[in-house]
Amino acid sequence: MIISQQLLSVNGLSYTIRSAIQTDAQQLSDLRLQIDGETENLDRERGEAFIDVQGFEHIINTDAESPRNLFLVAVVQEQIVGFSRCAGVYLNRFAHKVEFGVCVSQEFWGYGIGKNLLQESVAWADANHITKMTLNVMETNEKAIELYKRFGFEIEGVLKNDKVLSDGNYYNTIIMGRFKNH
């Protein structure tokens, strides 16, 4: 699905949040690879599950045409610095929900980009009769957990010893959900 473009300014930084378009594919491929190497909060290490330009073009097309998917980008001076996706499932028993994921370049943390991508996604979900949004977050990512709680997400469960990070230790994954009365 496509949403209207939003222009925002936070802490002196102006940026746009809009739906991803075909010409974003190269920047998205490069940015995802970069972000995967910047933080251990995500599932992948740098280079794992790489998505090339054609892969992103396919995702963008699918998401633009699907009423159950939303692919947003955050753009600063024509450069994509973050993105989020809501991905629905097409089985009837799961048609009421989407899974949310977000990532922002570390250079642009602190400007509300992740928060505003989430806010747009929640507004889209509510307007499109999606009654459940789910997400997974590392137990150590307390800032993100608090942000999700402010948007109505609650902890549904914990996947114990779910990930092994570079320090050799195991970490839990928190499963969160946001429910809208139907």
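**Exposed loop residues in a predicted model**

Q: Is H129 buried or exposed?
A: H129 counts as exposed, at 63% relative accessibility. Exposed means over 50% relative accessible area, buried under 20%, and partly exposed in between (1.4 Å probe, protein chains only).

Q: What kind of model is this?
A: It is a predicted model, in which local features need pLDDT of at least 70, side-chain atom pairs count only at pLDDT 80 or more, and totals for chains, interfaces and linings use all residues. Residues are numbered from 1 along each chain as its sequence is written, and side-chain values use heavy atoms, leaving out hydrogens and water.

Q: Back to H129, where does it lie?
A: H129 is in the loop between α3 (113-127) and β6 (132-138). Helices (H or I, at least four residues) and strands (E, at least two) are DSSP runs, numbered from the N terminus.

Q: What about phi of H129?
A: Phi of H129 is positive, near 60°, in a residue other than glycine.

Q: And E78, what is its phi?
A: E78 is not a glycine either, yet its phi is positive, at about 65°. E78 sits in the loop between β3 (70-76) and β4 (79-88), and it is exposed, with 70% relative accessibility.

Q: Where is E40 placed, then?
A: E40 belongs to the loop between α1 (25-36) and α2 (53-65). Its relative accessible area is 34%, so E40 is partly exposed.

Q: New topic: which residues does UniProt list for the domain?
A: An unreviewed UniProt entry lists residues 15-181 as "domain: N-acetyltransferase". UniProt positions follow the numbering used here, feature names are shortened, and annotations may be inferred rather than shown by experiment.

Q: How much of residues 15-181 is helix and strand?
A: The span is 29% helix and 35% strand, and its end C-alpha atoms lie 32 Å apart.
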